[in-house]
Amino acid sequence: MEAKYVVFYLSERGKSLAEKLKALLKEIKIFRLDTELISRNWQKDKILIFICACGIVVRKIASFIREKEEDPGVLVINETGNYVIPILGGHRVKANEIAQKIADFFSAQAIITTASDSLSLIPLDLWIKEKGFLIKNPHLLPGIMALFNQKGTLKLYKEKAIKIPLFKGAYEVEKIEEAEIVITNRRIGKPKKQLILIPKNLWLGIGFHENIKETYLEEAIKKVLEESELEEGALKGIATLDKKATHPVLLSFCASKNLKLVSFSKEELEKVKALTPSKRVCEAVGVESVSEQAVLLASKGTLLVPKRIFPDLTIAVAEEDYQVKGKLYVVGTGPGDINYLTLKALQVLREVEVIVGYRTYIKLLEPLFYNKEVYSFSMTEEIERAKKAIAEALIGKKVALISGGDPGIYGMAGLVLEILAFNKVSIDVEVIPGISALNACSALIGAPLMNDFAVISLSDRLTPWNEIEKRLELFAQLDIPLVVYNPKSQKRVNQFLRAWEILKSFRSPDTVVAVVVSATRESQKIYLTTLKELKEDWIDMHSTLIVGSSQSFFFGKWFITSRGYKKKYSENEFLLNL
Ligand code: SAH
């Protein structure tokens, strides 16, 4: 298999850095810097990574550089691995994104110099690619991008059938002449300044006689599109009667133009009303008008060109609504400190267009969201948050709904999926796990959860208190550590007092207890105590309690729950030879 990433090093130090990249990037090959190998790998879909000084790289690659569209991505990592600098292909082959990924991996800094990224605007070229548009006049793209960077806004005209959300900074105008970007499947000549984006949303419906020739079909389609001033590049597919769908001329035409081919039975076509029914066609194949009915079924849209009749061939054209699929990520953001965000979460947060979340969590990660649409809500508005995130994904945006800790533990993942299930709506959802309070808190105090343990939340906002009390009584009787989420809030104090009582009635008053407040945040506090010495006023709504079992004990600042090694093996085996 051809490697996508080709890494060149100069020194042994560079080589060991290159070896580490194997864990991050698949399809990777590593070589000592060599001009012949650079030349051989100078291909537009590759990413060449150089681990040496920028100057060396610039001199080595200078003679190979040709066109933006043809050159590979090039990035440089300095030998100590603290800077990652994309040089070529920042957007086209996502060298900027890959540089950021490598930088995150090495805890290094990515130096992104492309204008849109440093100005906190979306990279227009990437947006166009992601939304699947064809650029009719690509030579205007750099100028339009420069204009966008300069003004921070762009005027955009789009046809009604284009149902995609616009990017931040785009303003829709009514008149085509006023626009700087036009999204259309119509031919509008060759404007000198407007960037024309073509959506693939035209369908052809065709009915034809068996003895048709490919050149004849091609000419006729060209003629229809030309006369109705429609872009050939906007063609998405062809629709016809099922009996005709295996005709070699049609198959070969669709393959050569990369068009979808769909077909319908006579019965399916009959259900659609044709505008221009034909008696002859009806007699021959049994439906009124194959081309119109098929194209309406395939496009589920509007007829643009009613049936055109050629000898042995009919063609109709319709346009479908142009939509892109959105995606909803439910992202766990960990206990608070940005360093406890996973690499995956960081990548997703960088990639999405929209961020939805609880105000406090958004504040904690604010520097990451400078070029996004951000919707922040108060704590109790979980349903509104989930609905907003779903609504934005439904109109085709990439959305991150952020959720503190892990989204699957008293977090937003369940609510989002429940709402989707209740409404029987399916959208692309991905849940990105996060470090939950129980992971963060237990790490801070050592190893309290080494064996089985239980988790309970004292919040009775969604679970009735008598249920919580029942669970508490049962858990308290099990001799295993118990993690207590949501122990207390300003208004909810009695619940904690009652829980404390229950725990004391079943466990020894000397049972070890940890109270961890605001783990990993600036206001972090840790109290190691016992059930009888616990103080209620240590605890607030950002605290997690860990109540030990009979196997739990303190050693200095550590809370340890024995897993049983000492019981299984002899004490001698535990002895250090000091
Ligand atoms: N999904 C979150 C939990 C949300 S419930 C997670 O997986 O961690 C909110 C409760 O989580 C708080 O009342 C507190 O008990 C706990 N919690 C969240 N962040 C915390 C932190 N940084 N330190 C201590 N406890 C925390």
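**Figure 1. Contacts of Ser518 in the predicted model.** In this predicted model, Ser518 touches Ser523, Gln524 and His542, when residues up to four places away in sequence are not counted. Ser518 itself belongs to the loop that runs between β25, residues 512-517, and β26, residues 525-530. With a relative accessibility of 6%, Ser518 counts as buried, because the cut-off for that class is under 20% relative accessible area.

**Figure 2. The largest nonpolar core and the elements that supply it.** The largest nonpolar core holds 30 residues, and those with the most contacts inside it are Leu204, Ile206, Leu217, Ile221, Ile238, Leu313 and Ile315. At least two residues of this core come from each of the strands β11 (195-198), β12 (202-208), β13 (235-241), β15 (302-310) and β16 (313-319), and likewise from each of the helices α8 (214-227) and α9 (248-257). The largest share, 5 residues, is supplied by α8. In soluble globular proteins, nonpolar side chains tend to be buried together.

Figure 3. Pro72 stands 398 residues away from Lys470 along the chain, and the C-alpha atoms of the two residues are separated by 63 Å.

**Figure 4. The whole protein as a setting for the close-up views.** The secondary structure of the protein comprises 21 helices and 29 strands. Its radius of gyration is 32 Å, whereas the globule rule gives 25 Å for 578 residues, so the protein is more spread out than a compact globule. Taken along the principal axes, the box filled by the C-alpha atoms is roughly 95 × 65 × 50 Å. Among contacts between residues at least 6 apart in sequence, 64% join residues that are at least 24 apart.

**Figure 5. Burial, accessible surface and charged side chains of the protein.** Of the 578 residues of the protein, 48% count as buried, and the accessible surface comes to about 29,600 Å², with 53% of this area belonging to carbon and sulfur atoms. The protein carries 81 positive and 71 negative side chains, and the centres of these two sets lie 1 Å apart.

Methods. Residues numbered from 1 in each chain as written. Predicted model: local features only at pLDDT ≥ 70, side-chain atom pairs only at ≥ 80, totals over all residues. Heavy atoms only, no water. Helix = DSSP H or I, 4+ residues; strand = E, 2+ residues; numbered from the N terminus. Buried < 20%, exposed > 50% of the residue type's maximum accessible area, 1.4 Å probe, protein only. Contact = heavy atoms within 4.5 Å. Rg over C-alpha atoms; globule rule 2.2 N^0.38 Å. Areas by Shrake-Rupley, 256 points an atom, 1.4 Å probe, with all protein chains shown as cover. Lys, Arg positive; Asp, Glu negative; His and termini not counted. Charge placed at Lys NZ, Arg CZ, Asp CG, Glu CD. Core = buried A, V, L, I, M, F, W, Y, C linked by side-chain atoms within 4.5 Å.
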